[in-house]
Amino acid sequence: MNKKVAFYTLGCKLNFSETSTIARSFSSEGFDRVDFSEKADIYVINTCSVTENADKRFKTIVKQAQKANSNAFVAAVGCYAQLKPQELADVDGVDLVLGATEKFKITDYLNDLTKNDFGEVYSCEIEDADFYVGSYSIGDRTRAFLKVQDGCDYKCTYCTIPLARGISRSDTMANVLKNANEISKQNIKEIVLTGVNIGDYGKGEFGNKKHEHTFLDLVTELDKVEGIERLRISSIEPNLLKNETIDLVSKSRAFVPHFHIPLQSGSNSILKKMKRRYMRELYVDRVSKIKDVMPHACIGVDVIVGFPGETEEHFLETYNFLTELDISYLHVFTYSERDNTEAAEMEGVVPGNVRSKRSKMLRGLSVKKRRAFYESQIGTSRTVLFESENKEGYIHGFTENYVKVKTPWNPELVNTLHLVDLTGIDDDGLVRLEFSKEVLTN
């Protein structure tokens, strides 16, 4: 019988795309993939270092694997494995820890899968992470995460990603298009573009810093890929989101009117301390440009609360800035100290209870913003891509501009696009719909 492998992914869409690629390397070696809750011969945990919570969850996930099979081989890969390999190797039950360049060669490090007396570490210096490995996920029938870029050259004072993933580098245009075409043959309707700093696409495409192609070139070419109904830009820095890209999306065949743009703070003095590459005025300009050409566009925002030196005045500056801004929802992150970052050494540490209070306030604002955006869409006609899960008798889906809808469960709707009229908001905050007569795809 074939040996069995199971995967657990912490963190971002980029991690999910890389887990999927690593899983395919196991399949080509004759392994059968099973769910993480099932008994397997090897458990692979793809780690994250962005939030403190992800670090803490690692031990719990290892215990979960040991409960399923106490004799299983446990391997850790990903960002936390690069940053603190020995810390992971010291966790009881961990056999192998692989850093940034080693994770895609994991099957080369496996011998007979016998448990080790201690965790073995294979981790390069991050300066050696200067080559690119393409990835995409096809685990979900309706959408795929397509990695187009890795690493980051920015030096934001709170962030460990450059330490975990290395310099900014890009996939070649030819390989991105090849992967997109492979995805389209799997009857997947939507591709989400992922990377660490995807607006920086083109840098390092041929092993140098020269931009052979730009992000605009990338989206222009991807828009021509046949068989993909939707393309979504996952997250892009405001200083790298150019007017030309916004205009292309507004006229695009496949790119949807949904942008996720990190802000991090609405206070210019905090943005400077963070070493972000823009001021709040540029952010306003980007949101205004999007809404000018796509009034119905959905705009999501990343924001950090409790950064060192953030006074009550700074926080209220952010809160009021976001209240007045025409955005659709927030992803709120409570600042947590990360080793080897400038911010960890800064004065003006914000107490934990204050961080929690500010986070709660912004999460409440996010609920109001999403509700207001959904209400603005009632009475409009949109296209919905339906998901594959039956949730309490309902099937859910998303419109092109990221409104989450629900309708009574019907398995024939899974992975199909339908023209619908948005009719009202349910008690759970999701949007009700009525079907148009036209079925767009099957």
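Contact here means heavy atoms within 4.5 Å. This is a predicted model, where local features need pLDDT of at least 70, side-chain atom pairs count only at pLDDT 80 or more, and totals for chains, interfaces and linings use all residues. Residues are numbered from 1 along each chain as its sequence is written, and side-chain values use heavy atoms, with hydrogens and water left out.

Q: Which residues does Leu-271 touch, leaving aside its neighbours within four places in sequence?
A: By that contact rule, Leu-271 meets Leu-263, Ser-265, Arg-276, Tyr-278, Met-279 and Arg-280.

Q: Why is Leu-271 called buried?
A: Buried means under 20% relative accessible area, exposed over 50%, and partly exposed in between (1.4 Å probe, protein chains only). Leu-271 has a relative accessible area of 0%, so it counts as buried.

Q: What places Leu-271 in a helix?
A: Helices (H or I, at least four residues) and strands (E, at least two) are DSSP runs, numbered from the N terminus. Leu-271 sits in one of these runs, helix H9, residues 268-274.

Q: How do you know that S12 and S13 pair?
A: Two strands pair if DSSP finds at least two bridges between them. Here 6 bridges join S12 to strand S13 (residues 298-305), and the two run parallel. Looking at one residue, His-260 has Gly-300 in S13 as its bridge partner.

Q: What makes S12 and S14 edge strands?
A: In the open sheet of 3 strands, the order is S12-S13-S14, with parallel pairing. Strand S12 (258-264) and strand S14 (329-334) each pair on one side only, which is how edge strands look here.
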